[in-house]
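Please look over the sequence and the structure shown here before reading on.

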Amino acid sequence: YFNARMRVRREGETVNYASTRTDHRAAAGTFIARYRPTSAVYLSQAGTLDHWLTERYCLYAADAKGSIYRSEILHAPWRLQTAEAEIEANTVTEMHGIHLPDVPPLLHYSERIDMLGWYLKRVI
């Protein structure tokens, strides 16, 4: 995670989002987009790509020395909706040498999810 100046504004179902990285530890990067859900709520089914992409029950973090930590988390299944986005600017990945293909992204939307997390444990 890096420090950034961020703005989120909701207009009906559309979310307007802007983020500009301000952290001296990383290259500059900007992401500006509008997105909204486009379907009814559904739960992903085991064995599907949606399930594989969204049903994760751990998180990872790194410290300044490069050590990796893992935490188990618990939450209800994601209440997903398909979504669409208009991406105005995205230079975040380019600053890391990652060039995204010029194809429509696969998007999911969820209002929110509450979770419980356990203490981080060092992995590496």
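A residue counts as buried when its relative accessible area is under 20%, as exposed when it is over 50%, and as partly exposed in between. Ala-4 has a relative accessible area of 33%, and is therefore partly exposed. The model described here is a predicted one.

**The open sheet**

Ala-4 belongs to strand E1, a strand of eight residues, 4–11, in which the count of buried residues is zero. Strand E1 pairs in the antiparallel sense with strand E2, residues 14–21, over eight bridges. Within this pairing, Arg-5 has Thr-20 of E2 as its bridge partner, and Arg-9 stands opposite Asn-16 of E2. Two residues lie between the strands of this hairpin, where Gly-12 takes a positive phi near 65°.

The two strands are part of an open sheet of five strands, with the order E1-E2-E3-E6-E7 and antiparallel pairing. At its edges are E1 and strand E7 (108–109), each of which pairs on one side only. In a regular strand, side chains alternate between the two faces of the sheet.

**A second hairpin**

Strand E4, residues 58–62, and strand E5, residues 68–75, run antiparallel and are joined by five bridges. Cys-58 stands opposite Glu-72 in E5. Five residues separate the strands in the hairpin of E4 and E5, and Gly-66 there takes a positive phi near 95°. As for distances across the chain, Ala-4 and Asp-63 are 59 residues apart in sequence, and their C-alpha atoms are 18 Å apart in space.

**Salt bridges**

Side chains of opposite charge can pair when their charged atoms come close. The structure holds eight salt bridges, and the table lists some of them.

| Salt bridge | N to O distance |
|---|---|
| Arg-34 and Glu-86 | 3.3 Å |
| Arg-34 and Glu-88 | 3.5 Å |
| Arg-70 and Glu-72 | 2.3 Å |

Glu-86, at 49% relative accessibility, counts as partly exposed, while Glu-88, at 54%, counts as exposed. In the pair of Glu-72 and Arg-70, Glu-72 is partly exposed at 39% relative accessibility, and Arg-70 is partly exposed with a relative accessible area of 28%.

**Pocket and surface patch**

Rolling a probe the size of a water molecule over the atoms shows where empty space is left. The largest pocket has a volume of about 370 Å³. Its lining residues include Tyr-17, Phe-31, Tyr-35, Ile-87, Pro-105 and His-108. Strand E3 (30–37) and strand E6 (81–90) each supply at least two residues of this lining.

On the surface, Leu-49, Trp-52, Leu-53 and Leu-106 form a nonpolar patch, with about 440 Å² of accessible area together. Of these residues, Leu-49 lies in helix H1, residues 49–54.

Conventions
Residues are numbered from 1 along each chain as its sequence is written. This is a predicted model: local features need pLDDT of at least 70, side-chain atom pairs count only at pLDDT 80 or more; totals for chains, interfaces and linings use all residues. Side-chain values use heavy atoms; hydrogens and water are left out. Patches are made of residues with over 30% relative accessible area and no salt bridge: like charges are joined within 9 Å, nonpolar side chains (Val, Leu, Ile, Met, Phe, Trp, Tyr) within 5 Å. Accessible areas come from the Shrake-Rupley method with a 1.4 Å probe; for residues, only the protein chains shown count as cover. A salt bridge is a side-chain nitrogen of Lys or Arg within 4 Å of a carboxyl oxygen of Asp or Glu. Helices (H or I, at least four residues) and strands (E, at least two) are DSSP runs, numbered from the N terminus. Buried means under 20% relative accessible area, exposed over 50%, partly exposed in between (1.4 Å probe, protein chains only). Two strands pair if DSSP finds at least two bridges between them. On a 1 Å grid over the protein atoms alone, a cavity is a set of points where a 1.4 Å probe fits but cannot get out, and a pocket is an open set with protein on both sides within 12 Å along at least five of seven lines; lining residues have an atom within 4 Å of a point. Grid points are joined across faces, edges and corners, and a volume is the space filled by probe spheres set on the points.
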